Amino acid sequence: MDKIKKVQGLGLGLRFPHFDDILNTSHNVPWFEVISDDFLEAGPHWDKLTKLRADYPIVLHSIGMNIGGIDPFDIDYLASLKNIYQIFEPEWISDHLCWSSHNGKYHHDLLPIPKTNEALKVVVERVNFLQDYFKRTLVLENVTQYIDFSISEMSEIEFIKEIVAQTDCKILLDITNVIINHNNRKKDYMSYFNNFPMDSVQQFHLAGGFVDESGLWIDSHTQKVQNTDLEVLQSLCKSGKKIAGIIERDGNLPSFEELEKERVSIENEFYEL
Amino acid sequence: MSFMNYKEMLNLFSTNVLSLETSNESCEGIIEKDIENMRIYKRNYLQLCFSNFSNDFPATKSYVGKNNFLFFTRSFLLDKGLGSVNIFKSSESFLFYLKGLDAAKEDRLIFELALIDFLWAYAKLKEIKVTDGVLEYWQELTSKKKTKKKIDFTKLVKIKLVEIDNERAFKLCDL
């Protein structure tokens with residue numbers, strides 16, 4: 001495993017259809033974010049990830065810890081994660097500030113947490129448990145939220161600040177999620193970024209969504225990154241923060257070559273190492 | 001102090017999404033103007049499973065058609081739901097759910113094609129028995145290459161997945 005290269009600059013989220021091109025073609029992607037849930041069980045894809053890991057730093061990003069849930073943790077799942085953390089040695093590990101299962105039923109979605117004091121207590125306890133279990137700092141991602149709760153008692157930023165203060169976790173700032181949440185509420189997203197605890201940010205995400213038939217922005221990861229998102233990135237870069245990030249693309253997947261062109265163009269224009 | 005506790009909130013939200021119903025009666029705790037947006041979470045739930053099962057059961061989907069396959073997926077979610085954090089494990093549950101459907105009892109090709117799809121996707125079954133000619137039909141559905149072999153409903157064959165020169169392949173075995 002490569003111990004010298006560090007996660008820095010603008011990387012890409014690894015997606016299976018690109019795996020062979022990433023391993024077999026020449027490119028300048030500095031690092032990859034790998035979805036942990038795709039590698040829970042051993043198989044030929046582990047061999048490929050081992051090859052990738054020999055040449056590139058990675059982080060492992062999971063989607064099923066159910067950090068905001070109240071069901072007991074799925075111990076088999078956590079053990080599988082711990083196993084791949086030991087094998088592939090990610091520079092850091094992350095999951096989402098959301099819940100994804102309840103009463104033994106799995107939604108496989110990133111569901112929103114009402115920002116109440118009770119929910120805060122649940123999240124803090126679970127993040128502390130996970131950090132003890134993995135013996136690693138957890139990096140938590142803000143999610144897209146299509147509804148607001150009447151029972152919320154604090155803002156998302158207050159909620160995140162409290163979690164960070166009480167757990168020492170780090171934050172994966174999904175720039176696109178923030179913008180989509182604000183666009184859908186017709187609110188100014190720059191004030192959110194200006195008030196965000198940037199010192200806690202370990203990583204950022206950029207992605208492209210679309211507007212559905214009802215006029216709602218959907219976080220689909222199916223399009224190129226929007227200019228609005230790049231303007232936010234530029235302002236963060238200008239503030240002197242050198243935060244590593246990735247472009248996420250899931251649906252409507254272009255070729256690796258095309259995605260790499262988009263990455264290089266953003267890196268050159270907006271993101272200076 | 002919130003009127004509704006966190007557990008109650010999750011109960012209501014989860015039940016609402018898993019119902020896949022268009023009505024939004026139990027949305028207490030969500031601000032009224034956003035209740036309509038619960039459809040996004042329902043759509044995500046159905047779409048994720050449909051997409052996952054479509055990838056794992058391409059021949060079955062092609063055989064029954066997109067709309068029937070969506071109907072089977074929706075029925076599965078309403079009857080069984082997803083019982084594992086590992087989405088890939090749901091395909092095994094879906095396979096055996098298909099077996100129990102009236103449509104599959106009336107047309108055995110539905111389950112047999114699903115069985116071959118599952119064996120190809122996961123290599124988890126040691127060997128399977130299917131009607132003679134179904135494997136060739138599966139190959140026609142997945143590769144779009146026409147087969148001259150006819151399905152012989154009076155005869156069963158046994159097939160297993162093998163590796164030849166690092167490539168997966170099906171092998172017909174003696175019964």
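Trainee: Which residues of α9(A) are exposed?
Mentor: On one side of α9(A), the exposed residues are Glu257(A), Glu258(A), Lys261(A), Asn268(A) and Glu269(A). Keep in mind that this is a predicted model.

Trainee: And which ones in α9(A) are buried?
Mentor: Leu259(A), Glu260(A), Arg263(A), Ile266(A) and Phe270(A) are buried. They sit on the same side of α9(A), because they cover an arc of only 130 degrees around the axis. The exposed residues are on the other side.

Trainee: What covers the buried residues of α9(A)?
Mentor: The cover includes β1 (10–13), α8 (227–238) and β12 (244–247), which belong to chain A.

Trainee: How many residues does helix α9 of chain A have, and what should they span?
Mentor: Helix α9 of chain A runs over residues 256–270, which is 15 residues, and at 1.5 Å a residue they should span 21 Å. The end C-alpha atoms are 21 Å apart, so the two values agree.

Trainee: OK, another helix. How far does α3 of chain A reach?
Mentor: From its first C-alpha to its last, helix α3 of chain A (residues 75–88) reaches 20 Å. That is close to the 20 Å expected for its 14 residues at 1.5 Å a residue.

Trainee: Which residues of α3(A) are buried?
Mentor: Ser80(A), Leu81(A) and Ile84(A) are the buried ones. They line one face of the helix, because they fall within an arc of 100 degrees when you look down the axis of α3(A). What covers them includes β3 (58–61) of chain A.

Trainee: And which are exposed on the other side of α3(A)?
Mentor: Ile75(A), Ala79(A) and Gln86(A) are exposed there.

Trainee: What comes just after α3(A)?
Mentor: Glu89(A), which takes a positive phi of about 45 degrees. Most residues other than glycine have a negative phi.

Trainee: Where else is there a positive phi in a residue other than glycine?
Mentor: Asp168(A) is one case, with phi near 65 degrees. Asp168(A) lies in the loop between α5 (156–167) and β8 (170–174) of chain A. His221(A) also has a positive value, near 55 degrees, and lies in the loop between β11 (217–218) and α8 of chain A.

Trainee: Why does Asp168(A) count as partly exposed?
Mentor: Because 13 other C-beta atoms lie within 10 Å of Asp168(A), and the partly exposed class lies between exposed, at 12 or fewer, and buried, at 20 or more. His221(A) is also partly exposed, because its count is 19 C-beta neighbours inside 10 Å.

Trainee: Let's switch to chain B. Where is the place of Glu112(B)?
Mentor: Glu112(B) is in helix α7 of chain B.

Trainee: Is Glu112(B) buried or exposed?
Mentor: Glu112(B) counts as buried, because it has 25 C-beta neighbours inside 10 Å. Leaving out residues up to four places away in sequence, Glu112(B) touches Val130(B), Thr131(B) and Val134(B).

Trainee: Which residues have the most contacts inside the largest nonpolar core?
Mentor: Ile110(B), Leu113(B) and Ala114(B), in a core of 103 residues. Helix α7 of chain B (residues 108–122) gives the most to this core, with 9 residues.

Trainee: What is Ala114(B) in contact with?
Mentor: Setting aside neighbours within four places in sequence, Ala114(B) is in contact with Phe57(B), Thr60(B), Leu95(B) and Leu98(B).

Trainee: What about Ser62(B), where is its place?
Mentor: Ser62(B) is in helix α3 of chain B, residues 58–64. It counts as partly exposed because it has 18 C-beta neighbours inside 10 Å. From C-alpha to C-alpha, Ser62(B) and Asp102(B) are 19 Å apart in space, and they are 40 residues apart in sequence.

Trainee: How many residues does the contact take from chain A and chain B?
Mentor: It takes 30 residues from chain B and 30 residues from chain A. On the chain B side, α1 (6–19) and α2 (38–56) each supply at least two residues. α1(B) gives the most to that side, with 8 residues. The residues of the chain B side divide into 18 nonpolar, 10 polar and 2 charged.

Trainee: What ipTM does the predictor give the complex?
Mentor: The ipTM is 0.92, and the pTM is 0.93. Chain B averages a pLDDT of 92, and 98% of its residues score at least 70. Where pLDDT is low, the predicted coordinates should not be read in detail.

Key. Residues numbered from 1 in each chain as written. Chains lettered and ligands numbered in written order. Predicted model: local features only at pLDDT ≥ 70, side-chain atom pairs only at ≥ 80, totals over all residues. Contact = placed C-beta atoms within 7 Å. Helix = DSSP H or I, 4+ residues; strand = E, 2+ residues; numbered from the N terminus. Nonpolar A, V, L, I, M, F, W, Y, C, P; charged D, E, K, R; others polar. pLDDT = per-residue confidence, 0-100. Expected span 1.5 Å × (residues − 1). Arc of directions from axis to C-beta. Core = buried A, V, L, I, M, F, W, Y, C linked by C-beta atoms within 7 Å.
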